[in-house]
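Student: Hi! I've just opened this one and I'm new to it. Could you walk me through it?

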Amino acid sequence: MRVALSVACFDDVLFPGTAKAVTALLERLGHEVAFPPGQGCCGQIHWTAGYHREAAALARSHAAAFEGCEVVVAPSASCAATVRDDYPKIARGARDPGLARAAEGLAVYELTEFLIDVLGVTDVGAYFPHRVAYHPSCRSLRTLGVGDRPVRLLRAVRGLDLVDLPSAGECCGFGGAFAMKNADVSVAMVADKVRHIRGTGADVVCAVDDACLAHIGGALSRLRGGVRTMHLAEILAETGPA
């Protein structure tokens, strides 16, 4: 299958390793990965911040970049949710039926949805001998409803010790502009998250959104607790002894 890779701007600028990991993983599974060069910001930040006209312009550009693609995979639940859940709202607000049709024609999947629902794969042949905690990001949990897909994939990784994260469904406190506009609340929320993570004894905390991991990782680094953050794709791309 030819898979179009949609890379979040956050990843493109700060976490390019995530896109490389997705590419390596999908190619290992026998699929061709393409990167449509016209893609840019999906418009999520503008939409949630109230810049609806600017969000509509970005949505049109983003949809056009993936026009005609059989399937689009995004290693960001947040961006996938924007296209699937917010684009219809953006199109209605902009009174743009063309954008509505373009959004409807996009088959966009978050990575774990694609692996399990489309490819029917749970064991991707990964090897990662570490103790791992999984943080479900808010949009993966509440908008996309990815459920236990990430956990099922992690449980199939050889050598991996998956530990339960207390209060896993609680937000880490990032929320884009929320962390800047409500800094004190955001810091308190991530402090709770980090306390729970450290209590598991995990070596690594993973998620399907790098924005959350950046927030959590910043808090962890200040404590010098030795817990690493990794996108789920990076773990699934790891291989080891046969």
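Tutor: Happy to! Helices (H or I, at least four residues) and strands (E, at least two) are DSSP runs, numbered from the N terminus. This is a predicted model, where local features need pLDDT of at least 70, side-chain atom pairs count only at pLDDT 80 or more, and totals for chains, interfaces and linings use all residues. Residues are numbered from 1 along each chain as its sequence is written, and side-chain values use heavy atoms, with hydrogens and water left out.

Student: OK, which strands does β7 pair with in the parallel sense over 4 bridges?

Tutor: That is strand β8, residues 228–231. In this pairing Val205 stands opposite Thr229 of β8. β7 also pairs with strand β5 (residues 131–134) in the parallel sense, over 3 bridges, and there Tyr134 stands opposite Cys206.

Student: Which way do the residues of β7 point?

Tutor: Val204 and Cys206 point one way, Val205 and Ala207 the other way, and all are buried. Buried means under 20% relative accessible area, exposed over 50%, and partly exposed in between (1.4 Å probe, protein chains only).

Student: And what do β7, helix α12 and β8 make together?

Tutor: A right-handed β-α-β unit, with α12 covering residues 210–223. Right-handed means that, with the strands pointing away from the viewer, the path from the first strand over the helix to the second runs clockwise.

Student: Switching topic: where is the kink in α5?

Tutor: At Asp86, shortly before the proline Pro88, and the kink is about 50°. The bend at a residue is the angle between axes fitted to the seven residues ending there and the seven starting there.

Student: How many residues does α5 have, and what does it reach end to end?

Tutor: α5 (residues 77–94) has 18 residues and reaches 24 Å from its first C-alpha to its last, close to the 26 Å expected at 1.5 Å a residue. The expected span is 1.5 Å times one less than the number of residues. After α5 comes Arg95, whose phi is positive, near 55°.

Student: What covers the buried residues of α5?

Tutor: Several elements, including α4 (52–65), α6 (97–104) and β4 (108–110). Among the buried residues of α5 are Val83, Asp86 and Tyr87.

Student: Tell me about α4, then. Is His62 there buried or exposed?

Tutor: His62 lies in helix α4 and counts as buried because its relative accessibility is 5%. His62 touches residues including Cys41, Cys42, Val83 and Tyr87, not counting residues up to four places away in sequence. Contact here means heavy atoms within 4.5 Å.

Student: What about Ala191, which helix is its place in?

Tutor: Helix α11, residues 183–199. Ala191 is partly exposed, with a relative accessible area of 42%. Ala191 and Pro88 are 103 residues apart in sequence and 35 Å apart in space, C-alpha to C-alpha.

Student: Last one: what's the whole chain like?

Tutor: The protein chain has 13 helices and 8 strands, and 48% of its 242 residues count as buried. Its C-alpha trace spans about 50 × 45 × 25 Å along the principal axes. A compact globule with 242 residues would have a radius of gyration near 18 Å, and the chain's 18 Å agrees. That radius is taken over C-alpha atoms, and the globule rule is 2.2 Å times the number of residues to the power 0.38.

Key
Pairing = 2+ DSSP bridges.
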